[in-house]
Structure formats: C-alpha cells, structure tokens
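Dear colleague,

Please find below the structure that I am handing over to you. My notes on what was found in it follow.

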Amino acid sequence: MKKKFHILILNGPNINLLGNRETKIYGTTSLKQIVDQLIIKGKKNNIQISHFQSNAEYKIIEKIHNAKIENINYILLNPAALTHTSIALRDALIAVNIPFIEVHITNIFSREKFRHHSFFSDISSGIICGLGTDGYLLALESVIRKLSI
C-alpha cells in the first residue's frame, strides 16, 4: 500500500551521540531508539518516515534541497547547534518551502544565553523544546493531525 505522506526527520551535529553524550542533559535514549519509535508511529498511520543525521552543515542543506524531489510533505528538524548559527540552513528551508517543526530535546531558553536565539523559530510551523526525546513523537503526532485535515 502506498504511504499517504512522507515525513523527513532531520538531525544536526552531535545528535548521533544521543544516549552517550551528557546524559544528564540529553538523557539515555539513543538516536536509533528515537527513529525506531517514529517509524513505528509512522507505519501505524500509513506514513513513510525517512531519517537523516549529519555533522556536516552542507549535507543537511543538500538533504533539504532533495526533499522537494523526494516528495517530502513535512520535516521534523532538530538543527542542534546549527540553530544558533546557520543562515544557510534557514535559507535552504525557505527555498524548498516545505513546512517543518523545530525540535529541541532541551529547553534552549533555559540554557546558556548563546542558545536562546534560533534562526528557524520564526519560519517554522511550530517549536517543541525541553520535553526530552518525547518532543520528536509529539511533533510527529502534530504533523499527522495537520496532514490528515
């Protein structure tokens, strides 16, 4: 059966270290565990889930450019540290005009001051931050509701 929608889960630098990296801040759930949960949720809703993570900004930008060709309907984006620095990533998202939700595991507004600014929040359809890795599932549930309307 053909999937109704295609959602891209896109993660930035150091997210591949989840589960081992600063577990008091980011928890013990690995990226693979998160993606597996999202794929299960997607299958239950007849939605194709694709995932991409890179520590290289240009690779994330290329993935966003290709998202239009791959008929991606929505993006869940955790830009990680690129949140605070990447105008190029912002421009790529504007260029493809695919709606996205910005996801952060931690509450970026309660952390160091340099983490308070995001280059994506004003162009995203929503922001989830500070809810741990549950934020990915909550974002997916929101997207499922938005696409099913």
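Which residue in strand 4 is the bridge partner of L76? The partner is I101. This is a predicted model, in which local features need pLDDT of at least 70 and side-chain atom pairs count only at pLDDT 80 or more, while totals for chains, interfaces and linings use all residues. Residues are numbered from 1 along each chain as its sequence is written, and side-chain values use heavy atoms, with hydrogens and water left out.

The sheet

Strand 3 (residues 74-78) and strand 4 (residues 100-104) pair in the parallel sense over three bridges. Strands (E, at least two residues) and helices (H or I, at least four) are DSSP runs numbered from the N terminus, and two strands pair if DSSP finds at least two bridges between them. The open sheet has five strands in the order 2-1-3-4-5, with parallel pairing. Strand 2 (47-53) and strand 5 (126-129) are at the edges and have a single partner strand each, so one side of each is left without a neighbour in the sheet.

The helices

Helix 3 (residues 57-69) packs with helix 4 (residues 87-96) at an angle of about 5°, and their axes are 9 Å apart. Axes are lines fitted to C-alpha atoms, for helices over the stretch in contact, and angles run from 0 to 180 degrees between N-to-C directions. The two helices, helix 3 and helix 4, are therefore roughly parallel to each other (angles under 35 degrees count as roughly parallel, over 145 as roughly antiparallel, 65 to 115 as roughly perpendicular and the rest as oblique). In their contact (heavy atoms within 4.5 Å), the residues of helix 3 include I60, I61 and I64, and those of helix 4 include L89, A92 and L93. By class, this contact of helix 3 with helix 4 has eight nonpolar, one polar and two charged residues. Ala, Val, Leu, Ile, Met, Phe, Trp, Tyr, Cys and Pro count as nonpolar, Asp, Glu, Lys and Arg as charged, and the others, Gly among them, as polar.

Yours sincerely
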